[in-house]
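The entries follow in the order I made them.

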Amino acid sequence: MPVTPDLPRTVGALRASGHLQRPVKHEIRDNLLAALREGRDPWPGIVGFDDTVVPQLERALIAGHDLVLLGERGQGKTRLLRSLAGLLDEWTPVIEGSEIGEHPYEPIVPASIRRAADLGDDLPVAWVHRDHRYTEKLATPDTSVADLIGDVDPVKVAEGRSLGDPETIHFGLVPRSHRGIVAINELPDLAERIQVALLNVMEERDIQVRGYTLRLPLDVLLVASANPEDYTNRGRIITPLKDRFGAEVRTHYPLELAPEVELVAQEADLVAEVPRHLLEVVARFTRHLRDSSAVDQGSGVSARFAVAAAETVAAAALRRAALTGEETPYARPVDLESVPAVLRGKIEFASGEEGREDEVLEHLLRRATADTARFALRGVDLDELAVAVSTRPVRTGERIPAKDVVAALPQVDALTEIAAKLGASGTEDPGPMASAAELALEYLFLTRKLAKDSSDDGDTVSYG
């Protein structure tokens with residue numbers, strides 16, 4: 001919880017401090033432009049959008065537009081929306097006790113207007129951190145107008161107020177986000193009659209509740225996310241509401257391998273060390289799935305798939321360490337075999353691929369492994385290793401500790417080069433060397449320069 005700094009506590013002291021009131025969109029624009037001028041990254045943790053999505057988003061914010069992010073699942077839309085809070089001032093003043101966070105210079109509900117008139121410069125001021133000025137709502141079919149806009153509060157009516165009194169209104173999420181950001185995730189899932197309730201909020205900036213027309217000059221930035229599949233089939237954004245959004249920004253999956261790997265490394269909670277070459281296999285595997293005709297591309301292959309795959313690989317390494325007594329769990333290519341079985345349910349396959357799901361996943365994983373090894377080990381003469389293993393087979397497997405794998409390796413110069421290429425040099429831990437050697441052996445098998453047999457207990461013997 002942020003610690004409230006020593007700041008003015010009355011509206012009189014606030015004026016004396018020289019504080020200026022700014023609409024929230026101006027506040028965001030000014031802070032964004034300041035970050036750009038100073039060379040600071042306004043979007044920490046956002047990967048792969050630098051030359052595509054981010055410039056469009058920044059232009060929309062500078063223009064003061066409400067906006068919708070359109071993209072397939074797992075493209076970081078929610079992460080991007082949440083990062084908008086970082087563009088707000090760290091602290092902002094509100095009327096203390098105000099139900100909707102009004103600025104002390106501009107009370108807008110009847111109760112606050114009366115207090116301001118009665119107390120004058122003694123009107124108490126509280127300070128709200130920017131983390132509390134971002135409000136997020138997942139659009140679901142059961143979302144009501146009362147949830148978003150408000151409704152008559154029966155308790156206030158029971159206290160003796162008349163139904164015509166605006167003070168009987170219990171404000172919903174949007175008015176309570178006054179002077180902040182409202183994010184609605186999966187906007188097309190919001191029932192069309194509920195979307196209609198947002199029209200006045202976005203254009204006239206007032207609200208209507210059960211016959212009341214309470215003119216509230218709401219100061220909000222309204223942002224939303226939508227999935228193209230939902231956008232066109234299961235639900236839609238009604239035309240008048242879509243017209244009120246000033247910008248529609250299309251997101252995408254990482255266009256290059258490096259950002260994909262960076263994203264996995266950043267987001268995955270790894271319980272064991274996973275070397276970069278295995279993260280590259282996971283990233284390439286995910287990208288091959290996105291290009292495969294066997295996968296329903298309308299549904300997309302989420303970045304969460306790659307993150308979950310990396311976490312599964314790390315978990316397999318930790319499990320092996322527990323079974324074999326290894327002190328330091330370190331992921332190896334054998335751990336990749338657990339990915340298809342565990343994560344198969346996260347992929348939507350195209351019609352007609354029933355029964356071939358495992359075959360597709362295993363083929364694409366082997367392809368990703370071969371592509372990674374080919375790139376990582378280019379320039380290394382692997383024939384020397386293939387010849388040596390043909391006379392001295394190497395046993396690997398999910399129950400074989402790294403020290404046993406390393407001990408079984410032949411003494412050839414190619415292994416020194418492989419270790420250097422894959423970051424396995426200069427360490428006493430056998431894990432990195434075992435992982436690097438396994439990748440080379442798997443590549444030799446996939447290119448048909450080595451054969452291998454798998455036993456019933458899961459061990460694999462590579463031989464010529």
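Entry 1. I began where helix H3 ends: glycine 64 follows H3, and its phi is positive, near 80°. I took helices as DSSP runs of H or I with at least four residues and strands as runs of E with at least two, both numbered from the N terminus. The model is predicted, so I noted its limits: local features need pLDDT of at least 70, side-chain atom pairs count only at pLDDT 80 or more, and totals for chains, interfaces and linings use all residues. Residues are numbered from 1 along each chain as its sequence is written, and side-chain values use heavy atoms, with hydrogens and water left out.

Entry 2. I looked up which residues of H3 (residues 53-63) are buried, and found Val53, Val54, Leu57, Glu58, Ala60 and Leu61. Seen down the axis of H3, these buried residues fall within an arc of 160° (taken from the directions from the helix axis to the C-beta atoms), so they line one face of the helix. Buried means under 20% relative accessible area, exposed over 50%, and partly exposed in between, with a 1.4 Å probe and protein chains only.

Entry 3. What do the buried residues of H3 pack against? I listed helix H2 (24-38), strand S1 (67-70), helix H4 (77-82), strand S10 (220-226) and strand S11 (247-250); contact means heavy atoms within 4.5 Å.

Entry 4. I then checked arginine 179, in the loop between helix H8 (173-176) and strand S7 (180-185). Its phi is near 65°, a positive value in a residue other than glycine. Arginine 179 counts as buried, at 6% relative accessibility.

Entry 5. Arginine 448 lies in the loop between helix H21 (430-446) and strand S13 (451-454). Phi of arginine 448 is positive, near 65°. Is arginine 448 buried or exposed? I noted it as exposed, with a relative accessible area of 79%.
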